[in-house]
Amino acid sequence: MNGLQPPRPDLADEANHGDGFVRTYKAWKGSNVFVLGGRFIFGPDVRSLFFTIFLIVAPVAVFCVFVARKLMDDFPHHLGISIMAVVVALTLSDITLLLLASGRDPGIIPRNLHPPEPEGYEGMTEVRPGQTPPLRLPRTKDVIVNGISVKIKYCDTCMLYRPPRCSHCSICNNCVDRFDHHCPWVGQCIGLRNYRFFFMFVFSTTLLCLYVHGFCWVYIRRIMNGEEATIWKAMTKTPASIVLIIYTFISVWFVGGLTVFHLYLISTNQSTYENFRYRYDRHENPYNKGVIRNFLEVFCTSIPTSKINLRAKVPKEPKIAPRTVSGGFNSPSNGKTIGDIEMGRKPVWDEALGDISDYEGQHSVDYSDKDSRLPDVSPDLSRILPPDNTEGRGVMHHPRRSSWGRNSERWEISPEILPLSRIGESKRMNGKSNGESTNQNQQFEMRLSTVK
């Protein structure tokens, strides 16, 4: 008794859940990519994130080696070190903001297991997951936002009416609250819960480009003053600075323009999607609270809690049972179909013999020739001969639909396939010649081999 120890809580929890439960991220129906057991969620184009990091780190590394290191010697001690420290700090903060925008839930709205019931639907018809109810749901509904009527749409994929400012991302295959856009450079949707980090990433990248661009010109100017050379001669002395100047000049137009555009969106409380789709400058924006309150809403409010728990355990979805083709051999002991086409199994005749014998006598066959009846054939042969074209198909036991009965109507059992003793008797009765008897024996052997 002293050796017994209470079970660990985590192991007991696993035992209680059993195999019927999985983590939410494993049963996820979207196109997202998960890291560290669902603790980080990315878009399906997460590989572009590594390319974005390379575009940031590579020029900064060139700047530190060929420009900042030289400037540390030209400036006083503390000022020279600060040039290197600032660029490193800007780079680290830039990458951190990039990861915060890319690796978190952007504001995904959980999917419904069943579509909502439309008005007038009394639930008389069973609705399975993923199916649309018999009464068609209205595509849009009107809701009031700040005294202005706003239409919300029904999402067939998520089976819900999207909240205001929510849209379905076709890349991630999720409905995202306050959907702004899907950024291929970040590899994630930009929405309610990561828009703040996305803007700060773009803004810090702009600052980093301006910083590198400016100190490259400072280094060229130091060369001009130190060697009393022209600007062109000084530029030839530091080709790395020329490459960085061109690179940052092109980049700042992109990230700088994006920063200015999003400053305008924040000041008017719009998203990129709303700006291109609804054009609030042509009519009243129901979400505009004024410039100051709009900025405070984006930067000074708490980030809403995620509506999805990717680490939680949810029941496994039931697997769709394979269809059973009617008419298979059913074993009375276990009720399993022997000839199941859906399972890819062929009929097992040895297992079916017991079932067929139970139904002997129910299938009577009447032939025009009284002497050529099926019971005259060997009983063993009559048991093992399968009907034509029945491999892979089940045979029903019902007398009226029996394959044995149906095929017996097609088979013309003539004296030619009877045993030799019956053929001899038929020969004496019909007065056939010995040559005809020999021919009949050969045909019987050929037919018998074909049937086997």
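Me: How far apart are the end C-alpha atoms of residues 49-68, and how much of the span is helix or strand?
Reply: The end C-alpha atoms of residues 49-68 are 27 Å apart, and the span is 100% helix and 0% strand. Helices here are DSSP runs of H or I with at least four residues, and strands are runs of E with at least two, both numbered from the N terminus. This is a predicted model, in which local features need pLDDT of at least 70 and side-chain atom pairs count only at pLDDT 80 or more, while totals for chains, interfaces and linings use all residues. Residues are numbered from 1 along each chain as its sequence is written, and side-chain values use heavy atoms, with hydrogens and water left out.

Me: Where does UniProt place the feature "transmembrane region"?
Reply: The unreviewed UniProt entry places that feature at residues 49-68, 80-101, 197-220 and 240-266. Those positions are in the numbering used here, feature names are shortened, and annotations may be inferred rather than shown by experiment. For residues 197-220, the model gives 100% helix and 0% strand, with end C-alpha atoms 35 Å apart.

Me: At what angle do H2 and H3 pack?
Reply: Helix H2 (residues 47-74) and helix H3 (residues 77-102) pack at about 175°, with their axes 9 Å apart. Axes are lines fitted to C-alpha atoms, for helices over the stretch in contact, and the angles run from 0 to 180 degrees between N-to-C directions. The two helices are therefore roughly antiparallel to each other, on a scale where under 35 degrees is roughly parallel, over 145 roughly antiparallel, 65 to 115 roughly perpendicular and the rest oblique.

Me: Which residues meet there, and of what class?
Reply: The residues in H2 include Leu49, Ile53, Phe63 and Arg69, and those in H3 include Gly80, Met84, Asp94 and Leu98. By class, the contact of H2 with H3 has 17 nonpolar, four polar and two charged residues; Ala, Val, Leu, Ile, Met, Phe, Trp, Tyr, Cys and Pro count as nonpolar, Asp, Glu, Lys and Arg as charged, and the others, Gly among them, as polar.

Me: What covers the buried residues of H3?
Reply: The cover includes strand E3 (40-42), H2, strand E11 (188-190) and H4. Among the buried residues of H3 are Val87, Leu90, Asp94, Leu97 and Ala101. H3 has 26 residues and reaches 38 Å from its first C-alpha to its last, close to the 38 Å expected at 1.5 Å a residue, the expected span being 1.5 Å times one less than the number of residues.

Me: How far does H4 reach, and what follows it?
Reply: Helix H4 (residues 195-227) has 33 residues and reaches 49 Å from first C-alpha to last, close to the expected 48 Å. Glutamate 228 follows H4 and has a positive phi, near 50°.

Me: Which residues join H6 and H8?
Reply: Helix H6 (residues 239-268) and helix H8 (residues 291-299) pack at about 110° with axes 7 Å apart, and are therefore roughly perpendicular to each other. Leu263, Ile266, Ser267 and Thr268 of H6 make the contact with Val291, Asn294, Phe295, Val298 and Phe299 of H8. That contact divides into six nonpolar, three polar and no charged residues.

Me: Switching topic, is threonine 272 buried or exposed?
Reply: Threonine 272 lies in helix H7 (residues 272-277) and counts as buried because its relative accessibility is 13%. Leaving aside neighbours within four places in sequence, threonine 272 contacts Asp180, His181, Phe261, His262 and Leu265.

Me: What about leucine 36, where is it found?
Reply: Leucine 36 is in the loop between strand E2 (33-35) and E3, with phi near 55°, a positive value in a residue other than glycine. Its relative accessibility is 55%, so leucine 36 counts as exposed.

Me: And serine 31, which residues does it touch?
Reply: Not counting residues up to four places away in sequence, serine 31 touches Gly43, Pro44, Ile171, Cys172 and Asn173. The C-alpha atoms of serine 31 and asparagine 173 are separated by 5.9 Å, although the two are 142 residues apart along the chain.

Notes: Buried means under 20% relative accessible area, exposed over 50%, partly exposed in between (1.4 Å probe, protein chains only). Contact means heavy atoms within 4.5 Å.
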